[in-house]
Amino acid sequence: MYHNQGQTDEILNRFRFRDRDIADTIVNRLSASDLDLVFMHVCGTHQDTLVRYGIDTLLQGCSVEIRQGPGCPVCVTTPMEIVEGIRLAREGITVASFGDMVRVPSPDGSLLDARSDGHDVRIVYSVADAVRAAKVSGRDVVFMAVGFETTAPGTAIEILNGPPENFSILNCHRYVPPAVYALLRMGEIRLDGLIEPGHVSTVIGVRPYEPITRAFDLPQVVAGFEPLDLLMAVYMLVKQVERGEARVENEYVRSVRYEGNLKALGLLDRVFRPEDREWRGFGMIPNSGMALRKEFKAYDARERYDHLLEGLEAESDDEARGCRCGEVLRGVMYPRECPLFARACRPDNPIGPCMVSAEGSCNIEFTHRNIRLS
Ligand code: SF4
């Protein structure tokens, strides 16, 4: 197989950020610290790196524990939002969403169940696919718009491009920083520092984390996704704690600028405004949802089909099913501590979203730790 220069650079970079000797050097330095520290990251991809490459195992002798917070957009989507999608599909509307999303159980089944019942639920890879489906089919198509600041600019572009009239979005986009605030305000677990998500930060930059550090006197490091990125972020946090500092540092300088991606931020600002939104496991988080601005309300599926969604109620049934995703998402419980993990709940029979999504802690734990079924 031949690679072009860009691909070759990427492969070399990957090796550079997976160098075992450098990893051991960082771990040795970390093990010299006798502080007992708990850090949290807010990103499914960080959790994947942490488990897939055994970083958490490497850190076992270092008195540093890393927990996962609410960093999986599919996992934090509420049962009510899924039930809305299912209702629309049952009413004859084409509902398009990502592969993970359609499998998440709700009090009314999953979108995939609705498809098995003969309703038109389509798996797409992007909002552009959903717009194309609307153009080609001529049917009413609703895109279940899930994701943080990373994916929302894609939705914003399609809305600004003026999609066909038969297209609208079931808007489930969310901002990350308000959830970090909410988590810290809850104060359920002691945290000594935060590892912030690289891809979200390529859009929002470093600045939005600064008020969090000021409010909670907490060190933060924006980190990339290679094993050494994560180890380096841990090292930077430990150093801050040792020096008695609380700052926001950027480990991912090769991709994240202080001010973020101004073009993407501009797109978000033109199309969305903050509104309060529920998150699974958290309840209502002020200003955490991206609402369509009023000039784009024509593309808001909740406005367009309010007569179909009227009276819809969906309380979370996680508890009834014994699912502890809420606690997993708040970082107060590890997947293995859930009594259903790898027993009743597995990727081929997920009980909760954290086992469905490739960014969910339970799925990552099951997939990469060679779990024996029982
Ligand atoms: S193991 Fe399954 S049931 Fe338990 S928290 Fe994870 S997704 Fe929910």
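**Exercise 1.** Which residue is the bridge partner of Q220 in β9?

*Solution.* The model is predicted, so local features require pLDDT of at least 70 and side-chain atom pairs pLDDT 80 or more, while totals for chains, interfaces and linings use all residues. Residues are numbered from 1 along each chain as its sequence is written, and side-chain values use heavy atoms, without hydrogens and water. Strands are DSSP runs of E with at least two residues, helices runs of H or I with at least four, numbered from the N terminus. Strand β9 covers residues 248–250 and is joined to β8 by three bridges, in parallel. The partner of Q220 in β9 is V248.

**Exercise 2.** Determine how β8 pairs with β7 and how its side chains point.

*Solution.* Two strands pair if DSSP finds at least two bridges between them. Strand β7 (residues 193–197) and β8 are parallel, with four bridges; P197 has A223 as its bridge partner in β8. In a regular strand, side chains alternate between the two faces of the sheet. In β8 (residues 220–223), Q220 and V222 point one way, V221 and A223 the other way. All are buried, that is, under 20% relative accessible area (1.4 Å probe, protein chains only).

Definitions and conventions
Buried means under 20% relative accessible area, exposed over 50%, partly exposed in between (1.4 Å probe, protein chains only).
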